[in-house]
Amino acid sequence: MPDVHYAPVPDVVFTQLDDGEAVLLSLKTKRYYTLNETGTQIWDLFKKDRSPDEIASALMETYDVDQEAAREHITAFLEDLHREGLVQEISRSNSTPSR
Amino acid sequence: MTASGFLLGARRRVKDVGIQIEWDDAALTEPIETTLGYFGFAPLNKAAAAPDVCPLRLTFSMHEPPLEVPSQAEALSESPEGLRFHRLGETLYLHFKGTVVRLEPQQGTAYGTLATEKTTLRDALLFCLFFYSAVILLYYRGLRTMHAACLTQGDAGCLFIGESDSGKSTLAMRLVESGWHYLSDDSVLLSREGGGIEAYPLRRDFCLDPEAEAVFPQVGAHWQPHLADVRKQRLSIESLYPAQAAAQCTVRTLVFPRIVDAAESRLVPLASKEALLGLLHHSGALAVLDAPTAAAHLEDLKLLTRQAQSYTLLAGRDLRDDPAAAAALFDDVVERRKG
């Protein structure tokens, strides 16, 4: 079974706020979401195509959390984003977006 | 004869963006001219005839074969008046009961075929089609529309952002009565200039319920019919307060009014993030913009929340009943801003 990776959906617009939080806007659903500082950091690295392990390492530098807990948090966050239609699945084998 | 071959046309300017409007039936002349006047689109002189002076073109036909929305176009949203928006690639379609306008925002063009000859429906429809077509094309030229009243003290502007019937027009009238200058009671254009956001009037005439005359008796001699909303009357505010018309302002205060059951009104400070979410909530055009244009619009809204103080206005009965209450509340805001 291929690993599940995610990529941002093209019609999602992102802007970071001065306090470290951010806003995501889905042009498809017309809904907007706020991200706290952690979510903003994850999204920023995710946008830059960092792997979940790389993102987890970055979270470990910022927060007092171990690798496993960080990975779980990242996975849960990306699954939430997927449920809201803000990211899409990409299979490792063929890089074809599927939903 | 105009560039499209249509016999009838007009050239107007919105801020520094020229718009060419063309049509092919004399029956459309009066409603188009009325609509242009309603939005305050200034005439371009005949000497400004070069094509690049008018990067935007709106064309309306009553005789060409009717347009259809392609079946594969994606449905986007629906306006309060019932116009439906669709997208196919970079092309947008506005649709209402058989009348379709095709917009090419990147090219700056809108072309529509009107399906009805019934005067009242046609004029109201034309008004809405013109408004939404122009608004969308202006977005792609960096001019953002905001459903807001805008009043000024000096060159500092106060934007009042809210739905229809949130009290914006009543509040605007009270402030104008007290000597404030006005851009609009309903719709403004926002433009990023010199590192900040400037506001310009889009619609000058105020729109009030007919019952407003009981509160503002001075308006009675200045009523005109509203083209699209039969519940309201248009007020030629420039004929009533000609010396208080403002051409533009730097937005320094954002206010989100909400009518409450209270004797006295109150201003509650808002953090920038809440203000941005409030602005997003009232940016209906985002639903039809492409991602790059929407992203630019979002950055402009963020800049607006940085340069302005933001408040929720819990609007009590005093703003309606006491002519001095609005000025007392907002003069204080302006004074604090200066401090």
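This is a predicted model: local features need pLDDT of at least 70, side-chain atom pairs count only at pLDDT 80 or more; totals for chains, interfaces and linings use all residues.
**Chain A**

Begin by selecting chain A and colouring it by secondary structure. Chain A has 3 helices and 6 strands, and their order along the sequence is β-β-β-β-α-α-α-β-β. Of its 99 residues, 39% count as buried. Among contacts in chain A with a separation of 6 or more, 44% are between residues 24 or more positions apart.

**The interface**

Next, display both chains and select the residues in contact between them: 15 come from chain A and 19 from chain B. The area buried between the two chains is about 1400 Å², and carbon and sulfur atoms give 65% of that area. Now pick out A:Leu27, A:Lys30 and A:Tyr32, which supply 35% of the area that chain A buries against chain B, more than any other three residues.

The rule finds 6 residue pairs in polar contact across this interface. On the chain A side, strands β2 (12–16), β3 (22–26) and β4 (32–35) each supply at least two of the touching residues. The largest share, 4 residues, comes from β2(A). By type, the chain A side divides into 8 nonpolar, 3 polar and 4 charged residues.

**Salt bridges between the chains**

The structure holds 22 salt bridges over all chains, and 3 salt bridges are found across the interface of chain A and chain B. Select A:Glu21 and B:Lys273, whose side chains meet in a salt bridge at 2.5 Å, N to O. This pair runs from the loop between β2 and β3 of chain A, where A:Glu21 lies, to helix α6 (residues 272–281) of chain B, which holds B:Lys273. Both A:Glu21 and B:Lys273 are buried.

Then select A:Lys28 and B:Glu74, which form a salt bridge with their closest N and O atoms 3.5 Å apart. A:Lys28 is in the loop between β3 and β4 of chain A and B:Glu74 is in strand β5 (residues 74–78) of chain B, so this pair also joins two chains. A:Lys28 counts as partly exposed because its relative accessibility is 48%; B:Glu74, at 35%, counts as partly exposed as well.

**Salt bridges within chain B**

B:Glu22 counts as buried, at 0% relative accessibility, whereas B:Arg57 is partly exposed, at 31%. Another selection, B:Lys15, B:Asp16 and B:Glu193, shows a network of salt bridges.

**The nonpolar cores**

The largest nonpolar core has 81 residues; select B:Phe41, B:Leu94, B:Phe130, B:Leu159 and B:Leu254, which have the most contacts inside it. Helix α2 (residues 119–139) of chain B gives the largest share of this core, 14 residues. Centre on B:Leu159: beyond its neighbours within four places in sequence, its contacts include B:Ala148, B:Cys150, B:Val188, B:Val251 and B:Leu304. A second, separate core of 33 residues includes B:Tyr182, B:Ile237, B:Tyr241 and B:Tyr311.

**Two loop residues**

Move to B:Gln244, in the loop between α5 (237–240) and β18 (249–259) of chain B. B:Gln244 is buried, with a relative accessible area of 16%. Leaving aside neighbours within four places in sequence, B:Gln244 is in contact with B:Val176, B:Gly179, B:Trp180, B:His181 and B:Tyr182.

End at B:Ala324, in the loop between α8 (318–321) and α9 (325–338) of chain B. B:Ala324 counts as partly exposed, at 46% relative accessibility.

Note on methods. Residues are numbered from 1 along each chain as its sequence is written. Chains are lettered from A and ligands numbered from 1 in the order in which they are written. Side-chain values use heavy atoms; hydrogens and water are left out. Contact means heavy atoms within 4.5 Å. Buried area is the accessible area (1.4 Å probe) that two parts lose on being put together, summed over both. A salt bridge is a side-chain nitrogen of Lys or Arg within 4 Å of a carboxyl oxygen of Asp or Glu. A polar contact is a pair of N or O atoms within 3.5 Å; within protein, one must be able to donate a hydrogen and the other to accept it, and residues adjacent in sequence count only if both atoms are side-chain atoms. Ala, Val, Leu, Ile, Met, Phe, Trp, Tyr, Cys and Pro count as nonpolar, Asp, Glu, Lys and Arg as charged, and the others, Gly among them, as polar. Buried means under 20% relative accessible area, exposed over 50%, partly exposed in between (1.4 Å probe, protein chains only). A nonpolar core is a set of buried Ala, Val, Leu, Ile, Met, Phe, Trp, Tyr and Cys residues joined through side-chain atoms within 4.5 Å.
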